[in-house]
Amino acid sequence: MSKAKRVFVLLALVVLALSSCLSDETDGTPRESAAVPAIPEKLEISGDGVPVLRVYDVAAEEIEEMNLEDYVMGVVAGEMKNDWPMEALKAQAILARTFVLNFCGTKSSMYEGADISTDVSEAQAYAPENINDRVRQAVEETAGMVLSADGEYPYAWFFAHSGGMTELPSVALDYEDEDPQYLSVVESPDSEDAPDDVKQWTVHFTEEEVLAAAAETGLELSDIESVEIGDRGESGRAKTLRINGTAISAPSFRIQIGANQLKSTLIDKIEVDEAGNVTFEGRGYGHGVGMSQWGAYALANEGKSAEEIVEYYFSGVDVVNLW
């Protein structure tokens, strides 16, 4: 073989090898080279290498020690219907595992002696009674898998339905720090199987209810004359509302008036009647930051893997294995 041919063959092999490496990094398979976050030091580790959690059970009013994977099963069963597509359940498991490890590494539970609780005001929904074989499979097949943002646990936010687009935490969550680089506003292909009252909704509040919610955000008023959208984010979600001309936080107002009633801040129309009662029309369900669960449902039905689903909503992250 001539020297020229040997050089050509060598170059071809190099190109093939590089192509193979690039393929491995984009097929949803965890990358061995990705930085792996540390397990929080305060957590005990069981003999099989899995952290043990002290979980305060609000219903039982006691702390229960459990394997982290058992806790994740209860969260997946509480946050998604257990008959949903397998890859959506697996995506939820990855986020649930990331969430609890981020929480244990950066925060303290409001319940003394606990690492985390089943109280949704600080953590995730938890419904062990809904665990079935599908939930077990989803958790077992993702055992130890978490998101890594340059070796740190990202905020693994998720919510029910996007209404078409996600939003940044500085708009939708009163997040005061700089928006994390792994989050952006993306179109979300939320499934048409979602309930109609999640895709679009109308809700009515009395003047008294609006006044009370406004007062909880720091705005004391005697009556309601007008309610309007103030600033909006890129998705169209309200960052502020103007009540009688004064701006307040839209996310805070939503929490105070009832997040299950005012289902999102993606508000399309507001009407105030002569008695001061207020009607909101809007789309979606939840804060809108991170992964849309109905979006995960749709992507799973399109054949996307759990890794591809979470990486769609969280850009520039890696899915890595802790154990």
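Guide: Start with the second largest pocket of this predicted model. Pro37, Ala38, Ile39 and Pro40 are among the residues that line it. Leu101, Asn102, Gly105 and Thr106 also belong to the lining. Gly151, Glu152, Tyr153 and Tyr155 complete the list. The volume of this pocket is about 170 Å³. By class, its lining has 7 nonpolar residues, 4 polar ones and 1 charged one.

Now look at helix 3, residues 86-106. Leu101, Asn102, Gly105 and Thr106 of the second pocket's lining fall in that range. Helix 3 also gives two or more residues to the lining of the largest pocket. How does its length compare with what its residue count predicts? It has 21 residues, which at 1.5 Å a residue should span 30 Å. Its end C-alpha atoms are 30 Å apart, so the two values agree. Is helix 3 enclosed or open? Of its 21 residues, 18 are buried, so the rest of the structure largely encloses it. An α-helix has 3.6 residues a turn, so residues three or four places apart point the same way.

Go next to the largest pocket. Its volume is about 1500 Å³. It is lined by 42 residues. Glu79, Val120, Ala123, Phe158 and His287 lie nearest its centre. Besides helix 3, the elements that give two or more residues to this lining are helix 2 (68-79), strand 6 (158-159), helix 8 (250-257) and helix 9 (293-301). The lining divides into 24 nonpolar, 12 polar and 6 charged residues.

Return to the second pocket for a moment and find Gly151 in its lining. Asp150 sits in the loop between strand 5 (145-148) and strand 6. Asp150 has a positive phi, near 55°, in a residue other than glycine. Is Asp150 buried or exposed? Its relative accessibility is 73%, so it counts as exposed.

Continue past strand 6. Ser162 is in the loop between strand 6 and helix 5 (169-172). Ser162 has 0% relative accessibility, so it counts as buried. A polar atom of its side chain lies 2.9 Å from the backbone nitrogen of Gly164. Which residues does Ser162 touch, neighbours within four places in sequence aside? They are Ser188, Asp190, Arg237, Leu266, Gly284 and Ser292.

Asp268 comes next, in strand 11 (residues 267-272). With a relative accessibility of 43%, Asp268 counts as partly exposed. Leaving out residues up to four places away in sequence, Asp268 touches Glu281, Gly282 and Arg283. The side chains of Asp268 and Arg283 are joined by a polar contact of 3.0 Å. Met291 is 23 residues from Asp268 in sequence, and their C-alpha atoms are 22 Å apart.

Turn now to strand 2 (residues 51-57), where Asp57 lies. Asp57 has a relative accessible area of 17%, so it is buried. Its side chain reaches the backbone nitrogen of Ala59 at 2.9 Å. Not counting residues up to four places away in sequence, Asp57 touches Glu62 and Thr118. Thr206 is 149 residues from Asp57 along the chain, with 35 Å between their C-alpha atoms.

Glu61 lies in the loop between strand 2 and strand 3 (62-67). Glu61 has a positive phi of about 55° although it is not a glycine. Its relative accessibility is 62%, so Glu61 counts as exposed.

There is also a cavity to see. A search of the whole structure finds 1 cavity of 30 Å³ or more. The largest cavity has a volume of about 50 Å³. Its lining is Lys42, Leu43, Glu44, Val52, Arg54, Glu65 and Asp115. By class, that makes 2 nonpolar, no polar and 5 charged residues.

Last, step back to the whole protein. It has 10 helices and 14 strands. Of its 323 residues, 50% count as buried. The C-alpha atoms fill a box of roughly 90 × 50 × 35 Å along the principal axes. Among contacts between residues at least 6 apart in sequence, 68% join residues at least 24 apart.

Key:
Residues numbered from 1 in each chain as written. Predicted model: local features only at pLDDT ≥ 70, side-chain atom pairs only at ≥ 80, totals over all residues. Heavy atoms only, no water. Helix = DSSP H or I, 4+ residues; strand = E, 2+ residues; numbered from the N terminus. Buried < 20%, exposed > 50% of the residue type's maximum accessible area, 1.4 Å probe, protein only. Contact = heavy atoms within 4.5 Å. Polar contact = N/O pair within 3.5 Å; in protein donor to acceptor, adjacent residues only side chain to side chain. 1 Å grid on protein atoms, 1.4 Å probe; cavity = no way out; pocket = protein on both sides within 12 Å on 5 of 7 lines; lining within 4 Å. Points joined across faces, edges and corners; volume = space filled by probe spheres on them. Nonpolar A, V, L, I, M, F, W, Y, C, P; charged D, E, K, R; others polar. Expected span 1.5 Å × (residues − 1).
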